[in-house]
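User: I am new to reading protein models, and I would like to learn how to read a few features step by step. Could we go through one together?

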Amino acid sequence: MRLRIVYLVVLVACVPCRADDLAKKLEAVMDRPEYAQAHWGVLVVNAETGDVVYSRNPDKLFAPASTTKLFSTAAALIALGPDYKFETPVYRRGKIGLDGTLDGDLILVASGDLTFGGRTTADGKTVFKDHDHIYANSGLMDSEVTDTNPVGGLEDLAKQIAKAGVKEVTGEILIDDRLYARTKGSGSGPDAVSPIMVNDNVVDLVVTPPATPEGKPKVALRPTSGVIQLDAEVTTGLPASKPSLTLAVMGPTQFAVRGKVPLNGKPVVRIFPIDDPASFARSLFIESLRRAGVRVQAPLVKATRSDLPESAGYAKLSKIAVHTSAPFMDAITVTLKVSHNLYASALPCLVAVKNGQKTAEDGLRIQGRILKKLGVDVKTISFGGGAGGANADYVTPRAAVQLLRGMAKRPEWDAYRAALPVLGVDGTLADVIDSDSPAKGKVFGKTGTLIWYDAMNSRMLLRSKALVGGTKSTNGTDLDFAIFVNDVPLPSGMMAGREGKALGKLAAIVQQNGP
């Protein structure tokens, strides 16, 4: 009996010891001199009971950066469902003659499909790159393009139309993008939020350096199109030198690129955002039809007419083709894994449409009602968009943890959880810890980065670095956590990589030292 009593006393005493040890290790990072002017907000709780394990300013507002996407994706998953599939139809207006001539128009009705076949592999999988092409112009990472057909959705529709017996179209090719009101994204990268999205509304510029000094850089566009005009003058720099490419916009579909790429280096990706997604999609659709063997009389560059039927009028037209998307959870996975600002900005619009509304603002109000039902105290937080770059975006660590705990009780949790980056493995958490860290693969979460240029001091101000997620501690406890640091003046020439690793270290400390 005596031995048993001693054992219990030691066991109980160890619980506060572990909590103290966790606090000391977390604060050793947060109290470093480089954060003297910064503001930290942290909350770690037992995911099952909600008991607080550690807190620091849990009820203060912090700029959340891209952890905003946790809220917008949660609301969209609940509103549409993980298995929802977008259907993008094409209607014909006119009759098809015996010779295959459509004496009339083809009308593609945009459905809000975020990927629209552009990230689909030959075996039907939706893919992404950890360093996604949408951030290529930041120059902060070695961005890559996926090995997929960027106009896959359009080509699918074109092949169906050709198979239906259409050999020629004498009328117009029209894009109906009236599903929701067009808006602007609230994050970096392409920001034209539209119900029609082809290749994320960008043209990829891929410059492949030569392997020998005698060679020249190879410049390629993705997708290719007769409406895109590129003036390229790129030379070869020294081996292992840093790529230096500058894009200059010359017109809506014209741009120039100048600079150098290193000899025998990796391909360098830059993007040219498209301001008019509907016109872009129309031109690409015409080209897809022609490749499928359908002659199109309409001019490639600009539609001669824009007379679209009323919504009810489509019931009187014949549907000639339809492209069906992958399950919605695939697009949510891309959104969270690579922190896709364009997709996230569109989510409130999709939530609005699902509820009979038209604008992003409508969607955000509906999102608030969804979050409230999850147990999030929405009156303590603020959102101006779905991606995390809006001036009105502010959350508390407590609200972020409330979101995770609320979603864990929902049927959408498995899809939501699987879509989040994994520490040291993929997405935006792929390279924030050492490859031999014992926490590798044991933490999931959403990152956030918001950075502004401090012109007066010729440096960057890290407005926000954030990480919200969960883990199972080495002691076997499921933990949810939210970590925010705001307002870190960075040394000249430094970006947010240091703080990314700092938050990765904090997450590893929670995993290794939590109760």
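This is a predicted model: local features need pLDDT of at least 70, side-chain atom pairs count only at pLDDT 80 or more; totals for chains, interfaces and linings use all residues.

User: How many aromatic pairs does a search of the whole structure find?

Analyst: Rings of Phe, Tyr and Trp (its six-membered ring) pair if their centres lie within 6.5 Å, and planes under 30 degrees apart count as stacked, over 60 as edge-to-face and the rest as tilted. The search finds nine aromatic pairs. One of them joins Tyr91 and Tyr314, a tilted pair with 4.8 Å centre to centre and 40° between the planes.

User: Where in the chain do Tyr91 and Tyr314 lie?

Analyst: Helices (H or I, at least four residues) and strands (E, at least two) are DSSP runs, numbered from the N terminus. Tyr91 is in strand E3 (residues 87-96), whereas Tyr314 is in the loop between strand E15 (295-296) and strand E16 (318-324), so the pair links distant parts of the chain, 223 residues apart.

User: Is Tyr91 buried or exposed?

Analyst: Buried means under 20% relative accessible area, exposed over 50%, and partly exposed in between (1.4 Å probe, protein chains only). Tyr91 counts as buried because its relative accessibility is 12%, and Tyr314 is buried too, at 9%. Gly165, by contrast, is partly exposed, with a relative accessible area of 31%; its place is in the loop between helix H3 (152-163) and strand E5 (168-169).

User: How are two packed helices described?

Analyst: They are described by the angle between their axes and the distance between the axes. Axes are lines fitted to C-alpha atoms, for helices over the stretch in contact, and angles run from 0 to 180 degrees between N-to-C directions. Here the axes of helix H2 (residues 68-80) and helix H5 (residues 328-337) come within 11 Å and cross at roughly 180°. That makes H2 roughly antiparallel to H5, a term for angles over 145 degrees, while under 35 count as roughly parallel, 65 to 115 as roughly perpendicular and the rest as oblique.

User: Which residues make the contact?

Analyst: With contact meaning heavy atoms within 4.5 Å, the residues include Leu70 and Leu77 of H2 and Phe328 and Ile332 of H5.

Methods
Residues are numbered from 1 along each chain as its sequence is written. Side-chain values use heavy atoms; hydrogens and water are left out.
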